[in-house]
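Good morning, and thank you for coming. Please look at the sequence and the structure as I show them.

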Amino acid sequence: MLDMRRMQILRAVVAGGSVTAAARNLGCTPSAVSQQMAALEKEAGIALLERTGRGVRPTEAGRTLTEYAAVIGRHAAEAETAIAELRAGRTGSVRVRYFATAGAPLIAPALAALRRDQPRVRVELKLVDPDDPVPEVKARRADLALVVRGEDEPPVDGVRFVPLLRDRYRAVLPLGHRLAGRVVIGLAELADEPWIAGETPGPCLDPVLDACAAAGFTPDFAVESGDYATAQGLVAAGLGVTLVPDLGLAAGHRPDVVVREVGGPEPTRSVQAAVRAGAPVRPALRGLLDALRAAAEAALGGAAAPAGDLAGVESAGGAASSRVSPPEGPRSSAG
């Protein structure tokens with residue numbers, strides 16, 4: 001294997017026309033340059049330089065190796081620049097998985113901020129409802145996934161969960177409902193109502209069921225809608241009441257329903273960013289996490305969760321500009 005450093009010294013000798021000139025340009029002694037050239041000729045198995053007067057000139061093999069040395073030098077300089085850009089967070093890529101109700105209030109403003117601050121960072125964005133994206137993070141197919149996760153859920157090896165916000169549920173009632181005039185509705189007051197399930201069983205429905213259990217009842221689900229927009233329509237039609245998280249109401253609510261705060265207790269869900277645990281977080285990924293945090297604070301009026309510790313978070317390398325990939329597989333907007 002030819003020594004790349006010695007090839008660059010050969011290039012300096014050929015450019016300077018002598019060992020002495022190369023030594024002067026490289027800041028070393030002529031004997032050191034001569035030793036490196038002797039070692040390179042031994043590696044190549046052929047003469048690379050020949051004397052001419054007080055200087056030297058390359059043989060055919062020397063010219064060939066010098067040309068390759070120039071190419072290698074350019075690539076090395078480009079590599080150093082690319083690494084510096086990655087280190088500074090000016091380039092890179094982040095593969096993101098998200099659930100539907102996080103799209104408009106969290107993902108969209110976070111990506112807009114990232115594109116403004118780090119315009120050459122590429123983002124691969126994919127909707128994954130109703131599948132669990134955590135295995136993709138663990139398997140290194142994704143760098144970050146937005147998830148709804150219970151605080152008492154067991155840890156996942158190789159994955160760290162960074163809290164972003166606590167998403168509060170609101171009561172959605174038809175116009176004219178007996179409780180529509182209240183500012184805050186006690187959850188137990190909805191015990192005898194028919195309920196509309198705005199989501200399928202899982203981490204988004206669990207906080208509702210847990211809060212209802214704490215209030216002393218199990219909701220009687222008359223209809224399962226599978227998404228919050230449809231749930232509002234069913235409520236407006238008088239088929240029941242429902243609870244919808246703030247993110248699910250970020251775009252507003254129908255004019256033929258009323259939205260009220262819930263208490264005793266107030267159901268909340270924890271929205272978190274799942275990232276790989278391991279090496280320190282890379283600047284491109286950190287930039288996206290910071291942007292998501294700011295979006296969470298803006299979306300819920302400063303109700304974001306306490307910032308998580310990002311030490312020991314690992315991510316993958318990348319490229320440039322912004323790209324959005326189409327969703328794959330079945331999905332639901334319930335999450």
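**A cavity and a helix pair**

Strand 8 gives the largest share of the lining of the second largest cavity, namely 3 residues; strands (E, at least two residues) and helices (H or I, at least four) are DSSP runs, numbered from the N terminus. This is a predicted model, in which local features need pLDDT of at least 70 and side-chain atom pairs count only at pLDDT 80 or more, while totals for chains, interfaces and linings use all residues. Residues are numbered from 1 along each chain as its sequence is written, and side-chain values use heavy atoms, leaving out hydrogens and water.

A cavity is a set of points on a 1 Å grid over the protein atoms alone where a 1.4 Å probe fits but cannot get out, and lining residues have an atom within 4 Å of a point. The whole structure holds 2 cavities of 30 Å³ or more. Strand 8 (194-197) and strand 10 (242-245) each supply at least two residues of the lining of the second largest cavity. Among the lining residues are Trp195, Glu199, Phe221 and Thr242.

Let us turn to the helices. Helix 5 (residues 103-117) packs against helix 9 (residues 283-299) at an angle of about 130°, their axes being 8 Å apart; axes are lines fitted to C-alpha atoms, for helices over the stretch in contact, and angles run from 0 to 180 degrees between N-to-C directions.

Conventions: On a 1 Å grid over the protein atoms alone, a cavity is a set of points where a 1.4 Å probe fits but cannot get out, and a pocket is an open set with protein on both sides within 12 Å along at least five of seven lines; lining residues have an atom within 4 Å of a point. Grid points are joined across faces, edges and corners, and a volume is the space filled by probe spheres set on the points.
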